[in-house]
Amino acid sequence: MSRVLRLTPIAVLALFSLMTLPSRTAEAQILNRLKKTVAKAAEDETVNQVDRMVRGKVRCVFDDLECIRKAEESGEGAVLTDDDGEILVNDDGEPVTDAEEGARVAGKGAGSLKPGEGAWANYDFQPGDDILLYDDFTEDEVGDFPRRFELIQGNFEIVEWQAGRYLRATAGGILGIPLPNTLPERFTIEYSVHLEHGNAYVRIAPGRAFYGPKRDYQGSAASVQLNQAGLVSVRGAGPQTLTPFPAERVRDGIEPVRIQADGEHMKMYLGEKRVANAPNAVFPRSDTLFMAFSSASEDYPILVGPIRIAGRPRSHTGYPVRQRQRPHPA
């Protein structure tokens with residue numbers, strides 16, 4: 001009997017532990033579920049709030065110049081995303097609409113720097129706002145030659161891909177781009193290119209230099225080749241300044257080209273990288289520009305994206321952006 005009495009407290013303690021352990025475990029599980037539920041609700045509310053704030057806005061990758069510009073011109077406005085399409089938000093949880101802030105939030109290192117500072121030291125492109133010509137080929141039929149241009153030599157047609165239009169060259173040649181007025185002393189030219197063949201290039205100049213009759217131009221031409229870009233000298237006039245770059249930039253995608261001029265001073269950019277900076281370019285002003293294409297074929301086509309030509313006022317501001325697109329359609 002005494003042995004039974006001595007064992008009873010131990011048995012009671014064991015029984016108590018067995019009774020309370022499941023209860024505490026269940027309570028912990030319930031608390032964990034509650035925490036997850038609250039966290040999920042907060043996350044869902046944040047997502048819903050962001051969705052409400054971006055409703056009706058155009059979503060643009062933070063460095064897509066063409067998308068941002070079109071969104072602003074349409075009056076809808078743009079909200080910026082990262083390269084994977086996720087909406088960028090600032091420290092207050094608000095969608096980012098400024099390209100420079102988008103670069104900072106996306107972790108690209110631009111921070112609060114302005115063009116010409118820090119990592120953007122060689123990118124000071126300032127797009128003109130007195131538009132002389134803008135053609136995204138949406139007024140043309142797919143398969144047609146663009147109606148606003150002049151055919152001099154070659155094979156060209158409009159193609160459609162991913163809701164956009166492109167001019168495709170399938171033979172070497174040259175076309176004219178008539179302007180409503182003579183190109184001013186201060187101007188910008190913007191377009192995008194895709195090249196595949198090792199000898200391919202796209203060059204733009206104010207005279208006929210490379211194909212067709214009356215090839216009497218002497219001066220500078222803006223040139224994009226498969227692995228270098230910049231200004232080339234035509235018939236010994238003007239400087240030669242070319243910068244190498246990885247060929248896949250124009251072979252695997254469509255790369256933006258930007259040119260800005262102030263008198264004889266011309267700069268040229270491939271994406272955000274400056275590839276030419278010439279204080280003595282020879283680029284006579286005319287009312288027609290000529291775009292030449294080399295080594296294009298059905299197997300190695302050349303694509304040119306929307307073309308924008310504009311005059312630049314004396315005072316203008318810009319911001320660093322980079323348009324990124326994918327390879328051409330089959």
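Colleague: How many helices and strands does the chain have?

Modeller: Start with the rule: helices (H or I, at least four residues) and strands (E, at least two) are DSSP runs, numbered from the N terminus. Here the chain has four helices and 18 strands. Bear in mind that this is a predicted model, where local features need pLDDT of at least 70, side-chain atom pairs count only at pLDDT 80 or more, and totals for chains, interfaces and linings use all residues. Residues are numbered from 1 along each chain as its sequence is written, and side-chain values use heavy atoms, with hydrogens and water left out.

Colleague: Okay, and what share of the 330 residues is buried?

Modeller: Buried means under 20% relative accessible area, exposed means over 50%, and partly exposed is in between (1.4 Å probe, protein chains only). By that rule, 46% of the 330 residues in the chain are buried.

Colleague: Now the sheet. In what order do the seven strands of the open sheet come?

Modeller: The general idea is that strands of a sheet pair through backbone hydrogen bonds, either parallel or antiparallel. Two strands count as paired if DSSP finds at least two bridges between them. In this model, seven strands make an open sheet, ordered S4-S7-S16-S9-S10-S11-S12, with antiparallel pairing. The edges are strand S4 (150–153) and strand S12 (241–244), each pairing on one side only. On average, neighbouring strands of this sheet are turned by 25° against each other, direction ignored. For that angle, axes are lines fitted to C-alpha atoms (for helices over the stretch in contact), and angles run from 0 to 180 degrees between N-to-C directions.

Colleague: Can we walk across a few strands? How many bridges pair S4 and S7?

Modeller: Three bridges, in the antiparallel sense. Next along, strand S9 (residues 201–205) and strand S16 (residues 288–294) run antiparallel with five bridges, and Tyr-201 faces Ser-294 in S16 as its opposite residue.

Colleague: Is strand S7 mostly covered or mostly open?

Modeller: Mostly covered: of the six residues in strand S7 (residues 173–178), five are buried.

Colleague: Let's zoom in on a residue. Where does Arg-168 lie, and which residues does it touch?

Modeller: Arg-168 lies in strand S6 (residues 164–169). Contact means heavy atoms within 4.5 Å. Not counting residues up to four places away in sequence, Arg-168 touches Asn-155, Phe-156, Glu-157, Val-159, Pro-301, Ile-302 and Leu-303. Arg-168 counts as buried because its relative accessibility is 17%. Its side chain also has a polar contact of 2.7 Å with the side chain of Glu-157. A polar contact is a pair of N or O atoms within 3.5 Å; within protein, one must be able to donate a hydrogen and the other to accept it, and residues adjacent in sequence count only if both atoms are side-chain atoms.

Colleague: And why does Lys-267 count as buried?

Modeller: Because its relative accessibility is 15%. Lys-267 sits in strand S14 (residues 265–270), and among its contacts beyond four places in sequence are Asp-124, Arg-258 and Asn-277.

Colleague: Which cysteines does a disulfide join?

Modeller: A disulfide is a pair of cysteine sulfur atoms within 2.5 Å. By this rule there is one, and it joins Cys-60 to Cys-67, with S to S at 2.0 Å. The torsion about that S-S bond is about -75°, so the disulfide is left-handed. Cys-60 counts as buried because its relative accessibility is 1%, and Cys-67 is buried too, with a relative accessible area of 19%.

Colleague: Last one: what is the phi of Phe-137, and what is that of Arg-235?

Modeller: Phe-137 has a positive phi of about 70° although it is not a glycine. Phe-137 lies in the loop between strand S3 (130–135) and S4, and is buried, at 0% relative accessibility. Arg-235, also not a glycine, has a positive phi of about 55°. Arg-235 is in the loop between strand S11 (228–234) and S12, and is partly exposed, with a relative accessible area of 42%.
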